[in-house]
Amino acid sequence: MALLCLLPLNSQAQVLSATVKTDQVRADLLAHAPQGIQAGQSFWLGLQIQHQPHWHTYWQNPGDSGLPTRLQWKLPAGLQVGEIAWPLPKKIPIGTLANYGYEGTVLLPVAVTVGPDFKVPVVGPVKIQLQAEWLVCRQECIPQEGQFELSLPVQSATALHSGLFDAAHKQTPQALPGAHPVSLSADGRSLSLQIDQLPPAWRGQTLSLFPVTPHVVNNAAVQGKTWTQNWQGDRWTAQVPVSDERSESPSALSWVIAQGPETSPKAPALEVTSPVQGPWPALAPAAAVSPALAKALQDNAQTTAPSGTGSLALALLGAFIGGLLLNLMPCVFPVLAIKVLGFAQPGQSRSEHRAAGLAYTAGVVLSLVLLGAALLTLRSAGEQLGWGFQLQTPAVVAALAVLFTLLGLNLAGLFEFGQMVPSRLAGWQSRHHTVNAALSGVLAVAIASPCTAPFMGASLGLAIALPAWQALSVFAAMGVGMALPYLAASLWPAVARALPRPGAWMVVFRQAMAFPMFATVIWLLWVLGQQTGIDGASSLLAVLLCVAFTAWAWGLQNRARGVLSALALATLAWLCAGVLPAALRETPGPQAVSSEAQPRWPAWSEARVQSELAAGRPVFVDFTAAWCVTCQYNKKTTLSDAALLADFDARKVTLLRADWTRRDAAITQTLAALGRNGVPVYALYVPGKAPIILSELPSVAEVQTALRGL
């Protein structure tokens, strides 16, 4: 996409300039170093963007939609780059919204300081590299990027573009000294800004006002109508409405002020800082959820005081009910089947059943608390993780597939675990049913944690923001809910009495329970295929085949056992050490997830959401993952319903799918902003409104009801 061109700068030097051309813009990396590059001095770099007619890019505060241009520099040691000196923007009204940005030609300059540790290259010029990203919009919006490289002479001057940089500096707002207070009205719906030190030539003129601080004022307010201004001698006063979707409560606001209308302001411009006088009212919830939960999220967001017992109680209740409903998820069924089989084992007393139930509960609760503690610890260390994060690692998925294959083969009668472990350990294991029960609780958590059942989503999202002891109590409540059915059955003798007497049916039932295990292996293989591609899935299949062969060989009673077992173990060791690690490397990019290539559900990105909203189109996002069984169920039912898809098309809703199968920091951050920490999450974005979050198991009617509010 980038075309590197050699541009002659002057008679003293040749500069290699990178130019990116698209159908919408031309972007050039320029430099202005009239004294060369010398320690203790500075020079200027800048990205110049030339827009085609009717296209625009965005200011540092893009307004109601859009994204500011981002510049990421790679400079030699000793060169320190500053922030963009943003030129004066213009307001770009779009329907009931308004953005701030640039049309025509704009230069975004940055100052570069040459430190004392800068070392002059022995041979050749200094190389400057830039990775730039911008969003260019008309009615539609297109995210674009470019790689740039510039070679600058050290001793010679680089001043070909001095006129462009001089013009850009004149467009850059200058700081107006002093504090210029802004007063908040009693109802919190408007701001009154007063300034006494404006240039005398501005007195009596109509001025433009651009908020540098985002997410506070009503950007679409019309100059002279919905926001007003007046002069009283040297004092200029502006009355600005606050946005109904305000998401910040800053102690000070920054503004850029210039002469003329907002759609075509004139330089010079001034930047002022205004301390806010008066307390802000409480923020509105970030998403349309139930009133009680919205209140809990709002209370928890306030850092001045604890969230109180109300929000914690609500989170505990949601986690408990969600854990209870986890038992209905397909991913938990295989483990529960094994536990039910345990009730029919002969020779176990009522006290042993009770002990097993309590041990299973302890295993579930302790595992969930430890999993929650690991999640909180890693997130506090800066890791972008969410619920189910362990299944975002291919090695964990492969290990679970091996474990469930062994369990399935054991239930099918191919081998007994006692044959594969020392006799002393096998005898200890058979005598300690409570230990087995606790370990099965750990296994249930390992395979169930990727599921986000109804009522769990909001509780998990809230738990992450709670103090540690409160967050861990939420995870414990989830464990109690998940373990409750088996615990109640173990404490209620009528359940055991209701089962048939021990007999031949038990053998058939045990063998039948192998098939849910194998079904779980198929699911895990599919998840691994989404993460690593066909090579990873096929390599794991080879390992599972070798595991099955090893289990069969180990169960033989003749001389062939030693030879075949040794051959099987050697092959298994070679596969696990030499083949599987390379195959488990995640494939780069979304191409491994073939389902995301469907044109009806293109891949999600925050830039795509903003571009669609800027064009006035609503967006429906399916936050999903291959390892989330609930997600796959919803994808095949509600989200594939012909009537619902026709309703999406009729209302011109853009459908996007955010795949969280592999770790993705951007998706994790977006989920956190929505008050969620796991998938599935279904969000409907409407221009100018807060996003609407649907339930984890949405019906067609629920989604259509949300669409009718557009």
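**Helix packing and nonpolar cores in the predicted model**

The axes of helix α6 (residues 394-412) and helix α15 (residues 534-554) come within 10 Å of each other and cross at roughly 35°; axes are lines fitted to C-alpha atoms, for helices over the stretch in contact, and angles run from 0 to 180 degrees between N-to-C directions. Helices (H or I, at least four residues) and strands (E, at least two) are DSSP runs, numbered from the N terminus. The model is predicted, with local features requiring pLDDT of at least 70 and side-chain atom pairs counted only at pLDDT 80 or more, whereas totals for chains, interfaces and linings use all residues. Residues are numbered from 1 along each chain as its sequence is written, and side-chain values use heavy atoms, with hydrogens and water left out.

The crossing of α6 and α15 is right-handed, that is, the near helix is turned clockwise from the far one by less than a right angle. In the contact (heavy atoms within 4.5 Å), α6 contributes Ala398, Ala401, Val402, Thr405, Leu406 and Leu409, which meet Leu540, Val543, Leu544, Val547, Ala548 and Ala551 of α15. Eleven of the residues of this contact are nonpolar, one is polar and none is charged. In this classification Ala, Val, Leu, Ile, Met, Phe, Trp, Tyr, Cys and Pro count as nonpolar, Asp, Glu, Lys and Arg as charged, and the others, Gly among them, as polar.

The end C-alpha atoms of α15 are 30 Å apart, in agreement with the 30 Å that its 21 residues should span at 1.5 Å a residue; the expected span is 1.5 Å times one less than the number of residues. Buried residues (under 20% relative accessible area, 1.4 Å probe, protein chains only) of α15 include Ser539, Leu540, Val543 and Leu544. Leu575 belongs to helix α16 (residues 560-583) and counts as buried because its relative accessibility is 9%.

A nonpolar core is a set of buried Ala, Val, Leu, Ile, Met, Phe, Trp, Tyr and Cys residues joined through side-chain atoms within 4.5 Å. The largest has 43 residues, and Ile37, Phe43, Leu45, Leu79 and Phe148 have the most contacts inside it. Strand β11 (residues 126-137) gives the most to this core, with six residues. Apart from this core lies another, of 25 residues, among them Val217, Ala221, Trp255 and Val272.

The chain as a whole comprises 21 helices and 24 strands, and 49% of its 710 residues count as buried.

Note on methods: Buried means under 20% relative accessible area, exposed over 50%, partly exposed in between (1.4 Å probe, protein chains only).
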